[in-house]
Amino acid sequence: VSNSMRAEDLQPNRLERAKQVISRLIDKLENDRIGLIVFAGQAYVQLPITTDYAAAKLFLSNIETNMVPTQGTAIGTAIDLALKSYSGNDNKHKTLVIITDGENHEDDAIEAAREAAAQGVIIHTIGMGSVEGTPIPTGKGNGSTEFLRDNEGNTVVTKLDEVSLQKIAA
């Protein structure tokens, strides 16, 4: 739920497209358990692991970029939190699906993924965004869209980091 998920290189934006993907995934589940973790600069359990798919869709519908107070992208923190969320010591049949643009600025996501793999957790990554990148909208001003700028006034461009996502999944 980092601000980069507001980018509109996928329509209507990365976050809404991710929510659509998750909703379709939930529709295909049968007798599986699901949990939702949101992350930006920190990670939080949005929905503890459950078989209540209606609750999962309800919690999913309320996910927004402003729900996490610390911005950034802490994929490793989200992986660590997911590992703590699984019940029991048997990680057989435990899968983590990470949906992100892959721009990790906060921690060592690849090391966290190695730890998850060592515990038998299978990780899949789904990249949201384009490798060409796009500016991050901050809102509308004077009839036109304004974009996020860095401290020097340059427009910030967010890009899908496919390489990092491939390493995390591997």
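## An exposed residue in a loop

A residue counts as exposed when its relative accessible area is over 50%, and as buried when that value is under 20%. In this predicted model, N31 has a relative accessible area of 79%, so N31 is exposed. N31 is found in the loop that lies between α1 and β1.

The backbone at this position also deserves a look. Most residues other than glycine have a negative phi. N31 is not a glycine, yet its phi is positive, at about 60°.

Most peptide bonds are trans. The bond from Q11 to P12 is cis, and its omega is near 0°. P12 sits in the segment before α1.

Is P12 buried, partly exposed or exposed? The relative accessible area of P12 is 41%, so this residue is partly exposed. P12 and A43 are 31 residues apart along the chain, and their C-alpha atoms are separated by 24 Å.

## R14 in helix α1

R14 belongs to helix α1. With a relative accessibility of 0%, R14 falls under the 20% limit and therefore counts as buried. Its side chain reaches the backbone oxygen of S4 at 3.4 Å.

Which residues does R14 contact, leaving aside its neighbours within four places in sequence? Among them are S4, M5, A7 and D9, and the list also includes D101, M128, G129, S130, T134, T158, K159 and L160.

The largest nonpolar core has 20 residues. Inside this core, the residues with the most contacts are V1, I26 and I63. At least two core residues come from each of α1 (14-28), β1 (34-39) and α2 (53-61). The largest share is that of α1, with 4 residues. Apart from this core lies another one, made of 19 residues, including F39, A82, L96 and A116.

Leaving aside its neighbours within four places in sequence, I26 is in contact with I34, Y53, A56, K57 and L60.

The buried residues of α2 include Y53, A55, A56 and L60. Why do they lie on the same side of α2? They do so because they cover an arc of only 155° around the axis. The packing partners of the buried residues of α2 are α1, β1 and β2 (43-50).

The face turned away from the buried side carries A54 and L58, which are exposed. A54 also takes part in an arrangement at the start of α2: its backbone nitrogen lies within 3.2 Å of a side-chain oxygen of D52.

Strand β3 covers residues 95-100 and strand β4 covers residues 122-127. These strands pair in the parallel sense, over 6 bridges. What is the bridge partner of I98 in β4? The partner is T125.

Conventions:
Residues are numbered from 1 along each chain as its sequence is written. This is a predicted model: local features need pLDDT of at least 70, side-chain atom pairs count only at pLDDT 80 or more; totals for chains, interfaces and linings use all residues. Side-chain values use heavy atoms; hydrogens and water are left out. A nonpolar core is a set of buried Ala, Val, Leu, Ile, Met, Phe, Trp, Tyr and Cys residues joined through side-chain atoms within 4.5 Å. Buried means under 20% relative accessible area, exposed over 50%, partly exposed in between (1.4 Å probe, protein chains only). Contact means heavy atoms within 4.5 Å. The arc is that of the directions from the helix axis to the C-beta atoms. A polar contact is a pair of N or O atoms within 3.5 Å; within protein, one must be able to donate a hydrogen and the other to accept it, and residues adjacent in sequence count only if both atoms are side-chain atoms. Two strands pair if DSSP finds at least two bridges between them.
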